Amino acid sequence: MKRVYLKTNEMPKQWYNILADLPTPMDPPLSPFTKKTVTFDEMKAIFPESLIEQEMSDKRWIDIPEEVLEILSLWRPTPLIRAERLEEYLGTPAKIYFKYEGVSPAGSHKPNTAVAQAYYNKKEGVQRLTTETGAGQWGSALAFATKMFNMECRVYMVKVSFYQKPYRKSFMRMFGAEVIPSPSEFTNSGRAILEKNPDSNGSLGIAISEAVEEAAGRNDTNYALGSVLNHVLLHQTVIGLEAKKQFEIVGDYPDMIFASCGGGSNFGGIAFPFLADKFSGKNVDAVAVEPASCPTLTKGKYAYDYGDVAKLTPIMPMFTLGHDFEPPAIHAGGLRYHGDSPIVSKLYKDGLISATAVKQLEVFQYGTLFAQLEGIVPAPESAHAIAATIKEAIKCKETGEEKTLLFCLSGHGFFDMASYDAYFDGKLEDYEYPEDLIEESLKNLPEV
Ligand SMILES: *Cc1c(COP(=O)(O)O)cnc(C)c1O
């Protein structure tokens, strides 16, 4: 069976909360101002109560509201596809499956959480959201989601992407969002950066500071984050829950699961429902795949750190390269984040998941090979998962192991063709692991 579809009424009705099953408890996030555990009231300045409750919840299953299910059903359930032509090309005894999230309105997994976040904010009387976007995927998802609930949305877009990816900006405008290149004159954080460097290209950390500052300063406005936080990964578990049902239908089960890892949301989304089985004894290895130029898990340090440059977000326990680390300008903007989800970090620290880093050129090489064999243009972020899966499938060929491999095809790459052009023109390069920069940045971790 090449493609496994579920019916609309087979969509998961509950999210899976891995916090209920972690073998050891998480360390709490700390307030950037008091350095004590963040309180419910502090979080209320920028998040609705229901999301704060989910952020801290230890309930194993959380109901997905009917209104959210209805919008998700515009594109969910998403297909599970067996990449038979890729298997044949590689001559591997491994079976390769992928879960395709590129069929969503924004072209990635990100609307899975954007819709839920917009819904809860609206329900609690918030009409307006701010956020940041790097490559444009998250801004597109939130623009779509806020439009579904007739809310307003302002997106601070990292300045270099604002000019390099004009069609992402057009997409957000089509769904009614206001898109502002960051750093901007609208916030103290933006003005401070511009004063020091009027030509700043911006970064995800700066854009987050601007969006958080605005939301904290306005009563009618909240902030929405597209990755990293517990509630975001919770909403993404629809991916893995669907995949589990689809594997039941084909009578198979993955030995290894691969997903690209920026802030950890598509990884958590596909892997956590399978990790629930692992906690009860099943043998499954989940592998987070990151860029060699921004190697948060494989080369970072497990420590308390800020989520942004201006130190406005809670201090979280996570693998980090330092909050002021600026990774090289790789063509997978969604993976250029200095930190990682606290849950994913904890699982990695406790040896319950693995991680690997891949280089930019092999990412584009295998991404292109995948498109040529399977007919889907992968986002460069997703191509990281493809590269790691193919390398494993080649290993299986050498050892003769008949493993079942699953990867998350987190998005399509139709807005990323300029990056593919750079690859075809031979202009892409492999960046060295920026050891000195990381070492420098890790000196600035907060003392807690
Ligand atoms: C944002 C993005 C990622 C990385 O973010 P995670 O939170 O780590 O999932 C990966 N793939 C695509 C297509 C994205 O848009």
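Reader: Where does Pro77 lie?

Author: The model is predicted: local features need pLDDT of at least 70, side-chain atom pairs count only at pLDDT 80 or more, and totals for chains, interfaces and linings use all residues. Residues are numbered from 1 along each chain as its sequence is written, and side-chain values use heavy atoms, leaving out hydrogens and water. Helices (H or I, at least four residues) and strands (E, at least two) are DSSP runs numbered from the N terminus. Pro77 is placed in the loop between helix 3 (66-72) and strand 4 (80-82).

Reader: What omega does the peptide bond from Arg76 to Pro77 have?

Author: Most residues other than glycine have a negative phi, and most peptide bonds are trans. The bond that joins Arg76 to Pro77 is cis. Its omega is near -5°.

Reader: Is Lys35, with its positive phi, buried, partly exposed or exposed?

Author: Lys35 is not a glycine, yet its phi is positive, about 60°. The residue sits in the loop between strand 2 (14-16) and helix 1. Accessibility is judged by relative accessible area: buried is under 20%, exposed over 50% and partly exposed in between (1.4 Å probe, protein chains only). At 36%, Lys35 is partly exposed.

Reader: What is the relative accessible area of Asn150?

Author: Asn150 also has a positive phi, about 50°, although it is not a glycine. It occupies the loop between helix 6 and strand 7 (152-158). Asn150 is exposed, and its relative accessible area is 60%.

Reader: How many residues of helix 6 are buried?

Author: Helix 6 spans residues 137-148 and has 12 residues. Those that are buried include Trp138, Leu142 and Phe144, along with Gln137 and Thr146. Helix 6 is largely enclosed by the rest of the structure, because the number of its residues that are buried is 10 of the 12.

Reader: What distance does helix 6 reach from its first C-alpha to its last?

Author: The expected span of a helix is 1.5 Å times one less than its number of residues. For the 12 residues of helix 6 the expected value is 16 Å. The model comes close to that, with a reach of 17 Å.

Reader: How far does helix 5 reach from its first C-alpha to its last?

Author: Helix 5 runs over residues 111-123 and has 13 residues. Its expected span is 18 Å, and the reach in the model is close to this. From first C-alpha to last, helix 5 covers 18 Å.

Reader: How many residues of helix 5 are buried?

Author: Among the buried residues of helix 5 are Pro111, Val115, Gln117, Tyr119 and Tyr120. The rest of the structure largely encloses helix 5, because the number of its 13 residues that are buried is 11.

Reader: Which residue with a positive phi follows helix 5?

Author: The phi after helix 5 is near 85°. The residue that has this value is Gly125.

**Aromatic pairs**

Reader: How many aromatic pairs does the structure hold?

Author: Rings of Phe, Tyr and Trp (its six-membered ring) pair if their centres lie within 6.5 Å; planes under 30 degrees apart count as stacked, over 60 as edge-to-face and the rest as tilted. The number of such pairs in the structure is 21.

Reader: How many residues apart are Phe47 and Tyr223, which form one of these pairs?

Author: The pair of Phe47 and Tyr223 is tilted, with 6.1 Å centre to centre and 55° between the planes. Phe47 is in the loop between helix 1 (40-43) and helix 2 (49-56), and Tyr223 is in strand 9 (residues 221-223). Both residues are buried. The pair links distant parts of the chain, since the separation of Phe47 and Tyr223 in residues is 176.

Reader: Which residues do ring pairs link into a cluster?

Author: One member of the cluster, Phe144, is also a buried residue of helix 6.
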